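Hi everyone, thanks for making time. I'd like to walk you through one model today, so please have a look at it on the screen.

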Amino acid sequence: MAKIPKKADGLSPELKKKLEQVESKVEDHTQIRRVKRLQELQKKLEESHKIERLKNIKKKILMPQFGVILVLFPLLMILDGASLSPLYLPLFYPLLMLFFWLLILCIEAFGFRILEIKNHPSKSVKCLMARKSMKKAVPVIIVALLIFGLFYTPYLSEEISERSSIKEGFGLNQGDEKEIDTTSIGRFGFLSISDLVLEIDEGSIEIELRDYDRTRLYNETVSREEDISDEVLEEIPKREFKELTFFFNYPSESENEVDTSENQIDVEFTLEMEIEDGKLHWLSLLGFLYLATFTEWTAVFYPFKKKYSGAGIYH
(Lines give C-alpha, C1' and ligand atoms only; values in the text may rest on other atoms or scores of the structure.)
Protein backbone atom coordinates (compact mmCIF):
# COMPACT_ATOMS: atom_id res chain seq x y z
CA MET A 1 0.00 0.00 0.00
CA ALA A 2 1.34 3.41 -1.00
CA LYS A 3 1.82 5.86 1.85
CA ILE A 4 0.49 9.42 1.80
CA PRO A 5 3.42 11.80 1.86
CA LYS A 6 3.58 14.17 4.82
CA LYS A 7 4.97 17.63 5.08
CA ALA A 8 6.99 19.14 7.84
CA ASP A 9 3.84 20.42 9.69
CA GLY A 10 2.65 16.82 10.04
CA LEU A 11 -0.43 17.21 7.75
CA SER A 12 -0.97 15.40 4.54
CA PRO A 13 -1.61 17.52 1.43
CA GLU A 14 -5.15 16.15 1.07
CA LEU A 15 -6.05 16.89 4.72
CA LYS A 16 -4.56 20.32 4.49
CA LYS A 17 -6.58 21.02 1.34
CA LYS A 18 -9.81 19.98 3.06
CA LEU A 19 -9.03 22.21 6.04
CA GLU A 20 -8.42 25.13 3.73
CA GLN A 21 -11.75 24.53 2.02
CA VAL A 22 -13.59 24.42 5.38
CA GLU A 23 -11.87 27.61 6.54
CA SER A 24 -12.74 29.28 3.27
CA LYS A 25 -16.42 28.41 3.65
CA VAL A 26 -16.49 29.65 7.25
CA GLU A 27 -14.86 32.93 6.20
CA ASP A 28 -17.32 33.32 3.32
CA HIS A 29 -20.36 32.90 5.58
CA THR A 30 -18.92 35.25 8.18
CA GLN A 31 -18.12 37.80 5.52
CA ILE A 32 -21.61 37.53 4.07
CA ARG A 33 -23.21 38.08 7.47
CA ARG A 34 -20.89 41.01 8.11
CA VAL A 35 -21.75 42.59 4.77
CA LYS A 36 -25.48 42.14 5.41
CA ARG A 37 -25.20 43.79 8.82
CA LEU A 38 -23.26 46.68 7.34
CA GLN A 39 -25.87 47.06 4.62
CA GLU A 40 -28.71 47.06 7.17
CA LEU A 41 -26.87 49.58 9.32
CA GLN A 42 -26.20 51.77 6.32
CA LYS A 43 -29.87 51.60 5.32
CA LYS A 44 -31.02 52.57 8.81
CA LEU A 45 -28.54 55.43 8.91
CA GLU A 46 -29.72 56.69 5.51
CA GLU A 47 -33.38 56.45 6.57
CA SER A 48 -32.60 58.21 9.85
CA HIS A 49 -30.85 60.99 7.95
CA LYS A 50 -33.86 61.22 5.64
CA ILE A 51 -36.21 61.56 8.63
CA GLU A 52 -33.97 64.24 10.08
CA ARG A 53 -33.94 66.10 6.77
CA LEU A 54 -37.75 65.94 6.62
CA LYS A 55 -37.99 67.42 10.12
CA ASN A 56 -35.62 70.23 9.20
CA ILE A 57 -37.58 71.00 6.02
CA LYS A 58 -40.81 70.93 8.05
CA LYS A 59 -39.43 73.50 10.50
CA LYS A 60 -38.16 75.74 7.69
CA ILE A 61 -41.59 75.73 6.02
CA LEU A 62 -43.88 75.95 9.04
CA MET A 63 -42.03 78.26 11.43
CA PRO A 64 -41.93 81.33 9.11
CA GLN A 65 -45.69 81.00 8.67
CA PHE A 66 -46.20 81.25 12.42
CA GLY A 67 -44.18 84.45 12.31
CA VAL A 68 -46.41 85.85 9.56
CA ILE A 69 -49.50 85.00 11.64
CA LEU A 70 -48.09 86.84 14.65
CA VAL A 71 -47.57 89.94 12.50
CA LEU A 72 -50.90 89.78 10.66
CA PHE A 73 -53.05 89.28 13.76
CA PRO A 74 -52.47 92.73 15.35
CA LEU A 75 -52.19 94.35 11.90
CA LEU A 76 -55.72 93.24 10.95
CA MET A 77 -57.01 94.58 14.26
CA ILE A 78 -55.39 97.96 13.61
CA LEU A 79 -56.76 98.11 10.06
CA ASP A 80 -60.22 97.35 11.45
CA GLY A 81 -60.04 100.37 13.76
CA ALA A 82 -58.77 98.91 17.04
CA SER A 83 -58.24 101.40 19.84
CA LEU A 84 -57.55 101.45 23.58
CA SER A 85 -59.48 104.63 24.35
CA PRO A 86 -62.28 103.95 23.74
CA LEU A 87 -61.61 100.22 24.13
CA TYR A 88 -62.30 98.40 20.87
CA LEU A 89 -60.57 95.14 19.95
CA PRO A 90 -62.10 93.74 16.74
CA LEU A 91 -61.14 90.06 16.93
CA PHE A 92 -63.44 88.49 14.34
CA TYR A 93 -61.34 88.90 11.18
CA PRO A 94 -57.97 88.29 12.93
CA LEU A 95 -59.36 85.08 14.47
CA LEU A 96 -60.81 84.05 11.13
CA MET A 97 -57.41 84.54 9.50
CA LEU A 98 -55.71 82.69 12.36
CA PHE A 99 -57.87 79.57 12.19
CA PHE A 100 -57.88 79.40 8.39
CA TRP A 101 -54.09 79.63 8.34
CA LEU A 102 -53.79 77.08 11.15
CA LEU A 103 -55.88 74.74 9.01
CA ILE A 104 -53.40 75.18 6.16
CA LEU A 105 -50.52 74.47 8.58
CA CYS A 106 -52.29 71.33 9.79
CA ILE A 107 -52.65 70.09 6.21
CA GLU A 108 -48.94 70.72 5.60
CA ALA A 109 -48.01 68.92 8.84
CA PHE A 110 -50.30 66.08 7.76
CA GLY A 111 -48.28 65.66 4.53
CA PHE A 112 -44.95 65.68 6.39
CA ARG A 113 -46.21 63.07 8.88
CA ILE A 114 -47.11 60.72 6.01
CA LEU A 115 -43.59 61.10 4.59
CA GLU A 116 -42.07 60.44 8.01
CA ILE A 117 -44.11 57.26 8.44
CA LYS A 118 -43.19 55.99 4.98
CA ASN A 119 -39.48 56.64 5.47
CA HIS A 120 -39.03 55.56 9.09
CA PRO A 121 -37.01 52.30 9.42
CA SER A 122 -38.98 50.94 12.40
CA LYS A 123 -42.40 49.38 11.80
CA SER A 124 -43.33 49.72 15.45
CA VAL A 125 -42.54 53.43 15.39
CA LYS A 126 -44.62 53.78 12.23
CA CYS A 127 -47.57 52.23 14.07
CA LEU A 128 -47.10 54.53 17.07
CA MET A 129 -46.84 57.63 14.87
CA ALA A 130 -50.06 56.75 13.04
CA ARG A 131 -51.86 55.97 16.30
CA LYS A 132 -50.68 59.21 17.94
CA SER A 133 -51.78 61.27 14.92
CA MET A 134 -55.24 59.69 15.00
CA LYS A 135 -55.55 60.34 18.73
CA LYS A 136 -54.70 64.03 18.22
CA ALA A 137 -57.34 64.34 15.49
CA VAL A 138 -60.26 63.09 17.61
CA PRO A 139 -60.68 66.13 19.94
CA VAL A 140 -60.38 68.50 16.97
CA ILE A 141 -63.17 66.59 15.20
CA ILE A 142 -65.41 66.85 18.28
CA VAL A 143 -64.82 70.61 18.70
CA ALA A 144 -65.27 71.27 14.97
CA LEU A 145 -68.54 69.31 14.97
CA LEU A 146 -69.83 71.37 17.90
CA ILE A 147 -68.83 74.67 16.25
CA PHE A 148 -70.40 73.69 12.94
CA GLY A 149 -73.62 72.50 14.59
CA LEU A 150 -73.97 75.52 16.89
CA PHE A 151 -73.29 78.21 14.30
CA TYR A 152 -75.14 76.48 11.45
CA THR A 153 -78.34 76.36 13.49
CA PRO A 154 -79.99 79.60 14.66
CA TYR A 155 -80.17 78.59 18.35
CA LEU A 156 -76.76 79.91 19.44
CA SER A 157 -77.05 83.19 17.54
CA GLU A 158 -80.49 83.82 19.03
CA GLU A 159 -79.20 83.02 22.52
CA ILE A 160 -76.21 85.35 22.12
CA SER A 161 -78.44 88.13 20.79
CA GLU A 162 -80.86 87.68 23.67
CA ARG A 163 -78.13 87.83 26.32
CA SER A 164 -76.31 90.74 24.67
CA SER A 165 -79.34 92.96 24.19
CA ILE A 166 -79.99 95.87 26.55
CA LYS A 167 -83.38 95.81 28.22
CA GLU A 168 -84.30 98.40 30.82
CA GLY A 169 -87.56 99.54 32.35
CA PHE A 170 -87.60 102.73 34.35
CA GLY A 171 -89.85 105.53 35.49
CA LEU A 172 -89.24 109.23 34.86
CA ASN A 173 -90.54 112.04 37.01
CA GLN A 174 -90.81 115.52 35.61
CA GLY A 175 -87.34 117.05 35.36
CA ASP A 176 -85.59 113.64 35.67
CA GLU A 177 -83.02 112.35 33.18
CA LYS A 178 -81.92 108.77 32.49
CA GLU A 179 -78.70 107.72 30.71
CA ILE A 180 -78.02 104.34 29.01
CA ASP A 181 -74.56 103.64 27.62
CA THR A 182 -73.97 101.26 24.71
CA THR A 183 -71.80 100.79 21.61
CA SER A 184 -72.68 100.64 17.92
CA ILE A 185 -70.59 97.46 17.56
CA GLY A 186 -69.57 94.98 20.26
CA ARG A 187 -66.15 95.75 21.73
CA PHE A 188 -64.74 92.56 20.15
CA GLY A 189 -66.29 93.06 16.73
CA PHE A 190 -68.80 90.19 16.78
CA LEU A 191 -72.07 91.98 17.58
CA SER A 192 -73.84 95.02 16.15
CA ILE A 193 -77.10 96.88 16.86
CA SER A 194 -80.00 95.36 14.98
CA ASP A 195 -83.17 96.91 16.42
CA LEU A 196 -84.50 99.43 18.92
CA VAL A 197 -87.83 99.33 20.73
CA LEU A 198 -89.10 102.19 22.90
CA GLU A 199 -92.42 101.93 24.75
CA ILE A 200 -93.96 104.78 26.77
CA ASP A 201 -97.11 104.21 28.81
CA GLU A 202 -98.44 107.73 28.22
CA GLY A 203 -97.40 111.33 27.69
CA SER A 204 -94.14 112.25 25.98
CA ILE A 205 -90.42 112.36 26.72
CA GLU A 206 -87.34 113.82 25.09
CA ILE A 207 -84.81 111.34 23.71
CA GLU A 208 -81.29 112.27 22.69
CA LEU A 209 -78.41 110.20 21.29
CA ARG A 210 -74.77 111.28 21.60
CA ASP A 211 -71.48 109.59 20.71
CA TYR A 212 -68.19 109.36 22.62
CA ASP A 213 -67.21 112.90 21.58
CA ARG A 214 -70.55 114.25 22.84
CA THR A 215 -71.65 114.87 19.27
CA ARG A 216 -75.43 114.88 19.04
CA LEU A 217 -76.67 112.23 16.60
CA TYR A 218 -80.39 112.36 17.33
CA ASN A 219 -82.74 114.55 19.33
CA GLU A 220 -86.53 114.39 19.37
CA THR A 221 -89.51 114.62 21.71
CA VAL A 222 -91.68 111.54 21.29
CA SER A 223 -94.95 110.21 22.61
CA ARG A 224 -96.15 106.65 23.03
CA GLU A 225 -97.89 106.62 19.64
CA GLU A 226 -94.67 107.33 17.76
CA ASP A 227 -92.19 104.72 16.51
CA ILE A 228 -88.74 106.30 16.27
CA SER A 229 -86.68 103.08 16.00
CA ASP A 230 -85.90 103.46 12.29
CA GLU A 231 -85.01 107.14 12.66
CA VAL A 232 -82.55 106.46 15.50
CA LEU A 233 -80.97 103.44 13.80
CA GLU A 234 -80.30 105.52 10.69
CA GLU A 235 -78.12 107.84 12.78
CA ILE A 236 -76.03 105.03 14.29
CA PRO A 237 -72.87 104.12 12.30
CA LYS A 238 -73.24 100.62 10.85
CA ARG A 239 -69.59 99.73 10.16
CA GLU A 240 -67.86 102.04 12.61
CA PHE A 241 -67.32 101.53 16.31
CA LYS A 242 -68.86 104.28 18.45
CA GLU A 243 -69.53 104.59 22.15
CA LEU A 244 -73.10 105.85 22.40
CA THR A 245 -75.25 107.30 25.18
CA PHE A 246 -79.05 107.52 25.14
CA PHE A 247 -80.52 110.37 27.22
CA PHE A 248 -84.17 110.21 28.30
CA ASN A 249 -85.71 113.35 29.80
CA TYR A 250 -89.19 114.08 31.10
CA PRO A 251 -89.34 117.89 30.69
CA SER A 252 -91.00 119.97 33.37
CA GLU A 253 -92.90 121.92 30.78
CA SER A 254 -94.21 120.09 27.75
CA GLU A 255 -93.10 121.79 24.59
CA ASN A 256 -95.48 119.92 22.31
CA GLU A 257 -98.54 120.73 24.43
CA VAL A 258 -99.27 117.16 25.36
CA ASP A 259 -101.23 117.05 28.60
CA THR A 260 -99.80 114.67 31.19
CA SER A 261 -101.97 113.99 34.17
CA GLU A 262 -99.39 111.82 35.90
CA ASN A 263 -96.12 113.01 37.47
CA GLN A 264 -94.26 109.89 36.28
CA ILE A 265 -93.88 108.19 32.90
CA ASP A 266 -92.94 104.49 32.63
CA VAL A 267 -90.50 103.68 29.84
CA GLU A 268 -89.48 100.29 28.41
CA PHE A 269 -86.25 100.49 26.42
CA THR A 270 -84.86 97.55 24.39
CA LEU A 271 -81.74 97.70 22.22
CA GLU A 272 -81.19 94.40 20.40
CA MET A 273 -77.73 93.18 19.39
CA GLU A 274 -77.00 90.36 16.97
CA ILE A 275 -74.21 88.51 15.17
CA GLU A 276 -74.27 89.38 11.49
CA ASP A 277 -75.37 86.56 9.18
CA GLY A 278 -72.18 86.79 7.13
CA LYS A 279 -70.04 86.19 10.21
CA LEU A 280 -72.15 83.20 11.21
CA HIS A 281 -71.66 81.66 7.78
CA TRP A 282 -67.88 82.07 8.01
CA LEU A 283 -67.80 80.45 11.45
CA SER A 284 -69.92 77.48 10.36
CA LEU A 285 -67.78 77.07 7.21
CA LEU A 286 -64.64 77.09 9.35
CA GLY A 287 -66.07 74.37 11.60
CA PHE A 288 -67.05 72.27 8.57
CA LEU A 289 -63.57 72.54 7.01
CA TYR A 290 -61.85 71.44 10.24
CA LEU A 291 -64.34 68.60 10.61
CA ALA A 292 -63.77 67.37 7.05
CA THR A 293 -59.97 67.76 7.19
CA PHE A 294 -59.40 65.90 10.46
CA THR A 295 -61.92 63.19 9.61
CA GLU A 296 -59.94 62.57 6.42
CA TRP A 297 -56.77 62.71 8.57
CA THR A 298 -57.93 59.73 10.66
CA ALA A 299 -59.13 57.87 7.55
CA VAL A 300 -55.69 58.18 5.92
CA PHE A 301 -53.70 57.16 9.02
CA TYR A 302 -55.88 54.16 9.89
CA PRO A 303 -54.42 51.89 7.15
CA PHE A 304 -50.89 52.72 8.37
CA LYS A 305 -51.87 51.83 11.93
CA LYS A 306 -53.47 48.58 10.81
CA LYS A 307 -50.57 47.64 8.52
CA TYR A 308 -47.81 48.11 11.10
CA SER A 309 -49.72 47.13 14.27
CA GLY A 310 -48.58 43.52 13.78
CA ALA A 311 -44.91 44.45 14.04
CA GLY A 312 -45.00 43.05 17.57
CA ILE A 313 -41.60 44.14 18.83
CA TYR A 314 -39.70 47.39 18.42
CA HIS A 315 -37.12 47.08 15.69
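Let me start with a definition: two strands pair if DSSP finds at least two bridges between them. Strands (E, at least two residues) and helices (H or I, at least four) are DSSP runs, numbered from the N terminus. Please keep in mind that this is a predicted model, where local features need pLDDT of at least 70, side-chain atom pairs count only at pLDDT 80 or more, and totals for chains, interfaces and linings use all residues. Residues are numbered from 1 along each chain as its sequence is written, and side-chain values use heavy atoms, with hydrogens and water left out.

Let's go to the sheet. Three strands form an open, antiparallel sheet in the order S3-S9-S5. S3 (166–173) and S5 (191–200) are the edge strands, each pairing on one side only. From one strand to the next, the twist averages 20°. Angles here run from 0 to 180 degrees between N-to-C directions, with axes fitted as lines to C-alpha atoms, for helices over the stretch in contact.

How many bridges join S5 and S9? There are nine, in the antiparallel sense, and S9 covers residues 264–275. Glu199 sits opposite Glu268 in S9. Lying across S3, S5 and S9 is helix H4 (residues 154–164), which runs at about 145° to S9; contact means heavy atoms within 4.5 Å.

On a 1 Å grid over the protein atoms alone, a cavity is a set of points where a 1.4 Å probe fits but cannot get out; a pocket is an open set with protein on both sides within 12 Å along at least five of seven lines, and lining residues have an atom within 4 Å of a point. Grid points are joined across faces, edges and corners, and a volume is the space filled by probe spheres set on the points.

We find one cavity of 30 Å³ or more. The largest cavity holds about 40 Å³, and its lining includes Leu198, Glu199 and Arg224.

The largest pocket has a volume of about 360 Å³. Of its 17 lining residues, Phe99, Ile147, Phe151, Phe190 and Leu283 are the closest to the centre. Helices H2 (92–119), H3 (123–152) and H6 (277–308) each supply at least two lining residues, and the largest share, five, comes from H3.
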